[in-house]
Amino acid sequence: MIKKVVHHKITEEQKECINAAKSKYNLKIKAFAGSGKTTTLVEIAKRLEGNGLYITFNKSIQNEATKKFSYNVDCRTAHSLAYQASKEIIHNRIEELTMTYIKDLLCIKGMHGYEPLEISFFILKLLRVYCNTDRETIDESFASHGIFNIIRAKPYSKYQIISYIIEEAKKYWQKCWMKDSSLPIEHDFYLKIYQLFKPDLSKTYQYILFDECQDASPVMLDIVTRQSCQKIYVGDEHQQIYEWRGAINAFNNIEGETYYLSQSFRFGEEIADKANIITKIKGEEKLLRGLECVNSQITSQIPEIHTRLCRTNSRIIQCVIDNPKIPMHIIGGNTEVINLAKSGYALYKNNIKKVRDKKLKQFRSWEIMKEFNKKYEDPDITFLISIISKYGNYFYKIILKLESANYVNEDCAKIILSTIHKSKGREWDNVVVEDDFLIFKKESKIKYTIINKIEELNLMYVAITRAKKKLLLISLFNTFLYKLKEELKSLDVQKNLN
């Protein structure tokens, strides 16, 4: 269900934020899950003079905000600002690029044991990385970027591979912005162009409210921070789940006094305690507080009506297979999930012409996809390979089940299915969280995960904090939380010894 506005008494934390905003100085508000950040921003806007700009990452959040803010606050996404300014050069060129397209257009060659498709994978990755940075050009300064860490070659060979990738990425970027170019571009491309234009928003707005700023990429942050008007940044760094799109922990890169919204109005203490395991292991000292009057609970019984959150679309396929007759609804529609299943099976049967899913369309065969995924592990592909390998030639019957399942509107469903990414900004009474996280299945030491898999921990936090009344965590999820809890105890003992 979409969040309903419930009017609570303004908390002391919210009052502190409102009073601080009236000072006209920049400030940062760390707002935990369900803590009333939109209400706080609306109250702040009522007390500030002049015109305001509310920027958010998500179109649906923008639409909801438009209904809540007064007429003098312009609610936009960063991409809509950029699109408006550069639509004349965009035309109808926006589409998702693929490795295959890059390979064929630029006639990419293989080198030092790396196939043309693999080189194209890195070129596309570098283009996306560049578009989310605040850097002016694609140049050799990217050679040390983390995306190249997985290249295994001798030093000079690796240098040659990376130099080639940088040169080809630069070539595509220059081609796609040539006058009258018809080359496809992704949404982040025109956001990058907007940033390079160095827009001055302070001529129009006296203050900027930057919501969900934990999902800000350096390019978005650069657009906002260079403005001379007052800036109020709001977000929850524990909900940063778009690092793969270039998001950074913006709170570490912006100036302003820090304030907290730590009282959640969504759930009670039991759910808050589970979420705090994750925030504490990441070093957060402030605790998320549940609302005493909300009777939420951790349960071991699947509620009859519930929302089931999955890490991958492939697990959604499995959930539909397991519940074909139950009235269900897939957030975002069932087309993407069915398309993934059909394309996966077509690839498995070597029927390349029927592969429609963009992610899978890049592979010429099932074996090539499997080999590629061993190196560059994609959660969706990993679980898709597992499902199709399990059913083999009988997977076509699974597709029939997927197509004929009992799909209904969300408000009529007994099971609502969603990826965790699509659940962000939503809440439901009863939530079941699936355990299709790669980090649960690997034998990596817990310390390695805590340091290197922050985004996966954040996805866990987002999933836990979608529930209002009942929360059920499937087996491996619970086991992993127990490991985190034990690690916290170990860390506490070490602190006491020191």
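**A close look**

Modeller: Among the elements that cover the buried residues of helix α8 are α4 (78-90), α6 (116-131), α7 (155-176) and α9 (218-225), where contact means heavy atoms within 4.5 Å and buried means under 20% relative accessible area, against over 50% for exposed and partly exposed in between, with a 1.4 Å probe and protein chains only. This is a predicted model, in which local features need pLDDT of at least 70 and side-chain atom pairs count only at pLDDT 80 or more, whereas totals for chains, interfaces and linings use all residues. Residues are numbered from 1 along each chain as its sequence is written, and side-chain values use heavy atoms, with hydrogens and water left out.

Helix α8 spans residues 187-196 and is mostly covered, eight of its 10 residues being buried; helices (H or I, at least four residues) and strands (E, at least two) are DSSP runs, numbered from the N terminus. The buried residues of α8 are Asp188, Phe189, Tyr190, Leu191, Lys192, Ile193, Tyr194 and Gln195. After the helix comes Lys198, with a positive phi near 55 degrees.

With α9, α8 packs at an angle of about 30 degrees and with the axes 10 Å apart, the axes being lines fitted to C-alpha atoms, for helices over the stretch in contact, and the angles running from 0 to 180 degrees between N-to-C directions. The crossing of α8 past α9 is left-handed, that is, the near helix is turned anticlockwise from the far one by less than a right angle. On the α8 side, Leu191, Lys192, Tyr194 and Gln195 make the contact, and on the α9 side Val219, Met220, Asp222 and Ile223.

Helix α10 can be set beside this. With 13 residues, α10 reaches 18 Å from its first C-alpha to its last, close to the 18 Å expected at 1.5 Å a residue, a span taken as 1.5 Å times one less than the number of residues. Gly283, which follows α10, has a positive phi near 100 degrees.
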